[in-house]
Amino acid sequence: KITKTFPGILKINIEERKPIVLLSHSSGKIIFGIDKEKIIFPIKKECLNKPFIKGLKRKNIQLGKNNKIKEIDNIINFFEINNEIDPYFWGKISYIDISNWPNLDLYFRDETEPLIKLKADIDKNKWIIFLKHYSFFRNQVEKISYIDLRFENDVIIQTQDKNSSIPIPLENNTLPKNISNH
């Protein structure tokens with residue numbers, strides 16, 4: 001931001017871009033940041049604590065611009081929805097795998113957290129319900145392999161033994177009181 005004040009003083013205020021997610025070059029060596037405006041830019045090593053986007057199959061990404069890539073647009077929109085509800089949840093994510101677009105897989109820094117599967121254009125209300133009840137899922141079912149939010153009216157919990165899958169209906173945009181009988 002540049003401002004001119006009397007008498008002939010020019011003030012320049014430089015604000016660094018802050019990445020929301022990271023993107024590695026196809027070589028895997030160069031790391032780029034992506035901010036709220038969906039601008040892609042080179043970053044410093046101290047910014048490497050943000051979630052990585054894995055599986056983006058694009059070439060010819062231009063730095064300093066919004067490349068209008070739908071996968072990035074969806075992830076930034078998802079970030080904004082998430083940030084309205086629980087800004088701390090985003091910090092738990094290690095990387096976002098978009099290899100099976102339009103499905104996203106969220107992997108966490110803490111490996112005891114289950115994988116979360118969801119659609120790139122997840123309904124905001126469904127995500128709000130999920131985040132409000134995330135600890136409920138974790139406390140009700142032991143050894144969760146993943147939580148699947150890709151289905152319209154259900155949340156699916158897959159246990160690590162792979163023999164049981166628990167569908168949890170979203171009833172009137174809420175969850176049942178107890179999931180043990182579902």
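In the predicted model, a side-chain oxygen of D123 lies within 3.2 Å of the backbone nitrogen of N125, at the start of helix α3. This helix spans residues 124-132, and K126, W127, I128, I129, F130 and L131 are buried within it.

Two of these buried residues, W127 and F130, also belong to the group with the most contacts inside the largest nonpolar core, together with I116 and I147. The core comprises 40 residues, and helix α1 (residues 70-85) supplies its largest share, 6 residues. In soluble globular proteins, nonpolar side chains tend to be buried together. Beyond its neighbours within four places in sequence, W127 is in contact with F78, I81, N82, I85, F89, L106, I116, L118, I122 and L149.

The model also contains an open sheet of 10 strands with mixed pairing, in the order β5-β4-β3-β6-β7-β8-β9-β10-β11-β12. Strands β5 (40-42) and β12 (165-169) each have a single partner strand, so one side of each is left without a neighbour in the sheet. From one strand to the next, the twist averages 25 degrees. Strands β9 (residues 115-119) and β10 (residues 144-148) run parallel and are joined by 3 bridges; K117 has D148, in β10, as its bridge partner.

Both helices described above contact strands. Helix α1 packs on the sheet, where it touches β3 (21-24), β4 (31-34), β5, β6 (52-54), β7 (93-97), β8 (103-108) and β9. The direction of α1 makes about 155 degrees with that of β3. Helix α3 lies across β8, β9, β10 and β11 (154-159), and runs at about 165 degrees to β9.

Definitions and conventions: Residues numbered from 1 in each chain as written. Predicted model: local features only at pLDDT ≥ 70, side-chain atom pairs only at ≥ 80, totals over all residues. Heavy atoms only, no water. Buried < 20%, exposed > 50% of the residue type's maximum accessible area, 1.4 Å probe, protein only. Helix = DSSP H or I, 4+ residues; strand = E, 2+ residues; numbered from the N terminus. Polar contact = N/O pair within 3.5 Å; in protein donor to acceptor, adjacent residues only side chain to side chain. Core = buried A, V, L, I, M, F, W, Y, C linked by side-chain atoms within 4.5 Å. Contact = heavy atoms within 4.5 Å. Pairing = 2+ DSSP bridges. Axes fitted to C-alpha atoms, helices over the stretch in contact; angles between N-to-C directions.
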